[in-house]
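Take a look at the model below.

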Amino acid sequence: MIAAPKFPPFNPPRRILMGPGPSDVYPEVLAAQSKPTVGHLDPLFVGMMDELKALIQYAFQTENEVTVAVSAPGSAGMETCFVNLVEPGDKVVVCRNGVFGERMRQNVERCGGEVAMVDNEWGEPVDLAEVEVALHANPDAKFLAFVHAETSTGALSDAKGLCALARAHNCLTIVDAVTSLGGVELRVDEWGIDAIYSGSQKCLSCVPGLSPVSFSPAAVEKIKARKTPVQSWFLDQTLVMGYWNGDGKRSYHHTAPVNALYALHESLRLLANEGLENAWARHSEMHELLKAGLEKLGLEFVVEEASRLPQLNAVYIPNGVDDGAVRKQLLEQYNLEIGAGLGALAGKAWRIGLMGFGARRENIALCLRALEDVLN
Ligand code: PLP
């Protein structure tokens, strides 16, 4: 026998989460998650799932019938889009201006697809002119894939313009909206996005571990016309659709994460009550406030103002400052988490998140006061 380990219950402190995610979770969402668990085929739960679908459709601004929450984090949403759409030999133009564009490339390769890369510097948005050149040079491309809000740098790309280019070249679009959903303007139907995924833990301020996704009718047609079965059983949308289709005949696919879905329902309900446009405006207003304070402290932004994300503020670490020591002090003295740099920006930048419930005045005041204290 292996001896039973004996531990006290885990009691996390209440941190202020101002990194790249997870963000501060709404108290109402934490409360929703601790409600009694019901069966995932219970008629009351099924009714909640119908509401949840309508709430995800609202957040994405889409009427797409195939709109679900994948029972796994944003990376699984990304994988859901790629494994369902990309068949061996399909060519995909992938835009890479940070960590998550690179992850898209790896997804395409693992699906047996062919990749044509469009690279932009870290901190820059995707360049539409370069994408147009790539689409001309690859007339056989079937998809254009890009990250709307690059969390590794804080750069916002022109999703509307990129979708228009893709359409002009008969490509379907696969869009990463993990950090953009709820924080900046995003209109799936109006902009003609074909496949999109997000995450629960950023501007939705829900608990981590769920990924809203949506497929346009054209994307669904492509999935239905596949010559080979989707290689992932769990992420195969043709199987999952049976659970989410809302025609009253829900069948078992996997055991839904019941309480996490209560949490997502509550966070999206709060977003709908606030109103998407109000939420976008709040993120922008809070960003202006934080920006003014950071600039006063002499911190410089990684991204040019025109393409800066309000919800992810990447600033260079001043010369001679110990990155790890500062973040440790913020955590220990102020219970405040800010993000380290990722990839090419590791050790060079901090990423300060203003996401969802975290995008509020008290957080900004605390963050600026703490940084001023620690840096001086
Ligand atoms: N895409 C982007 C832009 C992200 O920021 C993240 C996570 O930070 C992901 C994908 C992956 O999401 P997750 O960590 O929930 O798997």
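What follows goes from the helix contact to the pockets. The model is predicted.

Start with the helix pair. Helix α12 spans residues 323–334, and helix α13 spans residues 361–375. They pack at an angle of about 125°. Their axes lie 10 Å apart. The crossing of α12 past α13 is right-handed.

Which residues meet there? From α12 come V326, Q329, L330, Q333 and Y334. From α13 come L366, A370, L371, D373, V374 and L375. By class, this contact has eight nonpolar residues, two polar and one charged.

The largest pocket has a volume of about 370 Å³. It is lined by 15 residues. Closest to its centre are P13, R14, R15, L17 and D24. Strand β1 (16–18) and helix α1 (27–33) each give at least two residues to this lining. Ten lining residues are nonpolar, one is polar and four are charged.

The second largest pocket has a volume of about 240 Å³. Its lining holds 18 residues. Nearest the centre lie F100, R103, V178, Q201 and K202. Helices α3 (74–85) and α4 (99–110) each supply at least two lining residues. Which element gives the largest share of this lining? That is α3, with three residues. The lining of the second largest pocket divides into nine nonpolar, five polar and four charged residues.

Key: Residues are numbered from 1 along each chain as its sequence is written. This is a predicted model: local features need pLDDT of at least 70, side-chain atom pairs count only at pLDDT 80 or more; totals for chains, interfaces and linings use all residues. Side-chain values use heavy atoms; hydrogens and water are left out. Axes are lines fitted to C-alpha atoms, for helices over the stretch in contact, and angles run from 0 to 180 degrees between N-to-C directions. Helices (H or I, at least four residues) and strands (E, at least two) are DSSP runs, numbered from the N terminus. A crossing is left-handed if the near helix is turned anticlockwise from the far one by less than a right angle, and right-handed if clockwise. Contact means heavy atoms within 4.5 Å. Ala, Val, Leu, Ile, Met, Phe, Trp, Tyr, Cys and Pro count as nonpolar, Asp, Glu, Lys and Arg as charged, and the others, Gly among them, as polar. On a 1 Å grid over the protein atoms alone, a cavity is a set of points where a 1.4 Å probe fits but cannot get out, and a pocket is an open set with protein on both sides within 12 Å along at least five of seven lines; lining residues have an atom within 4 Å of a point. Grid points are joined across faces, edges and corners, and a volume is the space filled by probe spheres set on the points.
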